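Visitor: I am new to reading protein structures. Could you walk me through one, feature by feature?

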Amino acid sequence: MDKNFQEERLTAIIKFTPPLYKQRYQFVKDLVGKYKPKKVVDLGCADCTLLWMLKFCSCVEVLAGLDICASVMKENMHRLSPLPGDYLQPNERSLTVTLHHGSVAHKDPCLLGFDLVTCIELIEHLEQSELKKFPEVVFGFMAPSIVVISTPNSEFNSLLPGVTSFRHPDHKFEWNQAQFQSWALETAGRYDYSVEFTGVGHPPTGMENVGFCTQIGVFFRKYPQTSDSAQSEKPTEAVYKTVFRAVYPSLKDEKYLQNAVVSEVIFTAQIIKRSLLDRLMSEHEEYNEDPTERKSEFQPSIKCFSEDLEKLVAEKGVEQFVNGNTVYIPLTTIFSFPKVNQLCGTFEKFCKLIAGKVTLSSDGSAVLVNTEHE
């Protein structure tokens, strides 16, 4: 049975808003927002909901999940795939998402180098032998900067209807506040971490001594990991099986960057062309009208783009842009637009990215845009 579904059934009388599992995930998301980790792994990722939430955090560049149940991950891993919009508008950051099948009691080099490790409602599912190995794998071997561990608070169980033993049939144990804090402090001391205790799911008024429904320990590594400790006891072969991997389109990939730049150049050129033609038409009509009745009826079409564009059109002579049915737009003009400049960085890179992708003048100094259909 899904652990979140089981929990919602048990907490139906004591209403948590939002639901308790959402509060746990939001706690992690807030922590990510505060400390900005680039690499995050969720141990016991189950249906991948937390990973799905974290993929929208702009600081995260590498996401990984590990679970002992491959079927649950495979049923939900599609949520972590890039969407069409991700290809149409690639993000500036890179993002890779990977799911692994395996046990948290085993060491695998694929989980080295992470900044944040989350273990949300995981440890209570571990057998005693697995729980014994768990601290060495996470705090000794992986040694991230931050570890978040949440687990049920057994003292709260008396407030949950129908709970006579554990909250979920797969739980091997459930600790009270003193037991969890004792284990956490001992683990933190052994591996040079500090730990802060908090939780989600407040008890009813007047019963504050019961504590949070879900107790949480946030562990912070005291000292930076040295290169020697990072290399020690590193296994030479993988023990996990990778069941999913997605690499999101990113502007750091030159293929996607080129597509974005070319699209922006074409869009900018069309705007400039339209503005120039509007100005030509406006000047033509003004020339043929009575001076006392002249109007600038075409000027709003220039202003609708941007003040920068209006200034650009005003400063440049129309003659140097238009020749017959062709508008000549200097590359330096297009490069001066903030979005193009931001994407490319340098004029040399700009020229390299659009080479062969847009129509240029014979000397390569301007983009050519045809006006036949205007």
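Guide: Gladly. We begin with two strands. Five bridges join strand E1 (residues 39-43) to E2, and the two run parallel. Keep in mind that this is a predicted model.

Visitor: What holds strands of a sheet together?

Guide: Strands of a sheet pair through backbone hydrogen bonds, either parallel or antiparallel. To find your place here, look for Val41, which stands opposite Ala64 in E2.

Visitor: Which helix belongs with E1 and E2 in a β-α-β unit?

Guide: Helix H3 (residues 49-54) does. E1, H3 and E2 make a right-handed unit.

Visitor: How do E2 and strand E3 pair?

Guide: In the parallel sense, over six bridges. E3 covers residues 96-101. Within E3, Val97 is the bridge partner of Leu63.

Visitor: Is strand E2 largely enclosed or open?

Guide: Check its residues against the cut-off: buried means under 20% relative accessible area. Five of the six residues of E2 (residues 62-67) are buried, so the strand is largely enclosed by the rest of the structure.

Visitor: And where do side chains of a strand point?

Guide: In a regular strand the side chains alternate between the two faces of the sheet.

Visitor: What is the order of the strands in the open sheet?

Guide: Eight strands line up as E6-E7-E5-E4-E1-E2-E3-E8, with mixed pairing. The edges are strand E6 (193-200) and E8, each of which pairs on one side only. On average, neighbouring strands of this sheet are turned by 15 degrees against each other, direction ignored.

Visitor: How many bridges pair E1 and E4?

Guide: Three, in the parallel sense. One place to look is Val40, whose bridge partner in E4 is Leu116.

Visitor: Which strands does H6 touch as it packs on the sheet?

Guide: H6 touches E1, E4, strand E5 (146-152), E6 and strand E7 (214-221). Its direction makes about 160 degrees with that of E5. H7 packs on the sheet as well, touching E5, E6 and E7. The direction of H7 makes about 155 degrees with that of E6.

Visitor: Now the charged side chains. How many salt bridges does the structure hold?

Guide: Six. To read one, look for a side-chain nitrogen of Lys or Arg within 4 Å of a carboxyl oxygen of Asp or Glu.

Visitor: Which residue forms a salt bridge with Lys107?

Guide: Glu136, with the closest N and O atoms 3.4 Å apart. Here too the pair links distant parts of the chain, 29 residues apart. Lys107 is in the loop between E3 and strand E4 (116-120), while Glu136 is in helix H6 (residues 128-142). Lys107 is partly exposed at 24%, and Glu136 is partly exposed at 29%.

Visitor: Where do Arg190 and Glu186 lie?

Guide: Both lie in helix H7 (residues 177-190), four residues apart, about one turn of the helix. Arg190 is partly exposed at 45%, and Glu186 is partly exposed at 42%.

Notes:
Residues numbered from 1 in each chain as written. Predicted model: local features only at pLDDT ≥ 70, side-chain atom pairs only at ≥ 80, totals over all residues. Heavy atoms only, no water. Buried < 20%, exposed > 50% of the residue type's maximum accessible area, 1.4 Å probe, protein only. Pairing = 2+ DSSP bridges. Right-handed = clockwise from strand over helix to strand, strands pointing away. Axes fitted to C-alpha atoms, helices over the stretch in contact; angles between N-to-C directions. Contact = heavy atoms within 4.5 Å.
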